[in-house]
Amino acid sequence: ISTQKKFTKPSDDPVAAMMGMNYRTDLNRIQQYTRNIGEVRNWVDSTDDALDKGVLALQRIRELTLQASNGTLEGDQRKAVAEEVKQLKEHLQNIGDTQVGGKYIFNGNQTNVRPSESGFQSGTIELEVFSGIKIPVNTEGKALFGDMLSDDGDIQKLITALESNDPAVGDMLESIDKNIDNFLSARAQIGAKQNRVDLMEDRLSQQEVFSTRILSDNEDIGMEKAII
């Protein structure tokens with residue numbers, strides 16, 4: 001009654017003690033998976049938010065490009081547009097440098113290196129969320145940010161064209177639209193991953209309740225029965 005346990009040392013009930021060790025191992029494993037799925041959630045939600053902000057910036061760049069391509073802006077006005085595009089490019093670089101728990105989420109396996117300084121690296125990071133089930137937590141930034149933000153990338157070409165009053169500015173709308181489509185496609189994949197995370201969280205929650213009950217049934221006394 002004082003310990004509320006059926007046994008206080010393994011020799012009291014060797015079989016139950018051994019089973020208890022196995023049940024506790026299962027419970028610890030499930031709790032670790034729960035922590036892992038929480039980490040996956042942080043990465044996925046942060047990625048979704050970053051991509052959302054990226055789409056907004058790209059859409060603004062598209063608006064500015066469209067304005068500059070209609071032939072009504074003078075040279076100084078185009079340079080003013082170029083300055084805003086420069087700021088938006090810097091904003092996109094900051095988005096590419098998004099961190100979760102001190103790790104850069106868009107730099108592949110090199111999570112300790114700032115992507116905008118390393119050129120955005122490749123690599124997949126996976127976390128185990130159930131026995132034999134792993135979920136990729138990161139979205140590779142190289143395909144999204146790499147070429148677009150490089151010194152000779154699409155946005156820099158646009159800035160150069162605006163500063164030089166190049167009449168071919170309108171030709172760059174296609175590449176901007178392509179970048180927007182890439183971001184939207186990545187967001188769709190993130191949405192599917194968020195749904196999977198929801199399902200895994202629910203499954204782990206049920207498994208933890210089940211494992212906790214089994215462990216309790218194996219070790220804990222029925223207080224009323226023990227008192228009688």
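A pocket, here, is an open set of grid points with protein on both sides within 12 Å along at least five of seven lines. Keep that in mind for the opening stop, and remember that you're looking at a predicted model.

**Stop 1: the largest pocket**

Select Ala143, Asp147, Met148, Asp154 and Asn179. These are the lining residues that lie nearest the centre of the largest pocket. The pocket's volume comes to about 160 Å³, and 13 residues line it. Which helix gives the most to that lining? Colour helix 4, residues 141-149, and you have it: helix 4 provides six residues. Helix 6 also supplies at least two.

**Stop 2: along helix 6**

Now select helix 6, residues 173-219, and move along to serine 211. Is serine 211 buried or exposed? Its relative accessible area is 9%, and buried means under 20%, so serine 211 counts as buried. Show Leu27 and Ile30 too: serine 211 is in contact with both, leaving aside its neighbours within four places in sequence.

**Stop 3: a hairpin**

Next, pick strand 3 (residues 126-130) and strand 4 (residues 133-136). The two run antiparallel, and four bridges join them. Together the strands make a hairpin, with two residues between them. Finish in the turn by selecting glycine 132, where phi is positive, at about 80°.

Terms used. Residues are numbered from 1 along each chain as its sequence is written. This is a predicted model: local features need pLDDT of at least 70, side-chain atom pairs count only at pLDDT 80 or more; totals for chains, interfaces and linings use all residues. Side-chain values use heavy atoms; hydrogens and water are left out. Buried means under 20% relative accessible area, exposed over 50%, partly exposed in between (1.4 Å probe, protein chains only). Contact means heavy atoms within 4.5 Å. Two strands pair if DSSP finds at least two bridges between them. On a 1 Å grid over the protein atoms alone, a cavity is a set of points where a 1.4 Å probe fits but cannot get out, and a pocket is an open set with protein on both sides within 12 Å along at least five of seven lines; lining residues have an atom within 4 Å of a point. Grid points are joined across faces, edges and corners, and a volume is the space filled by probe spheres set on the points.
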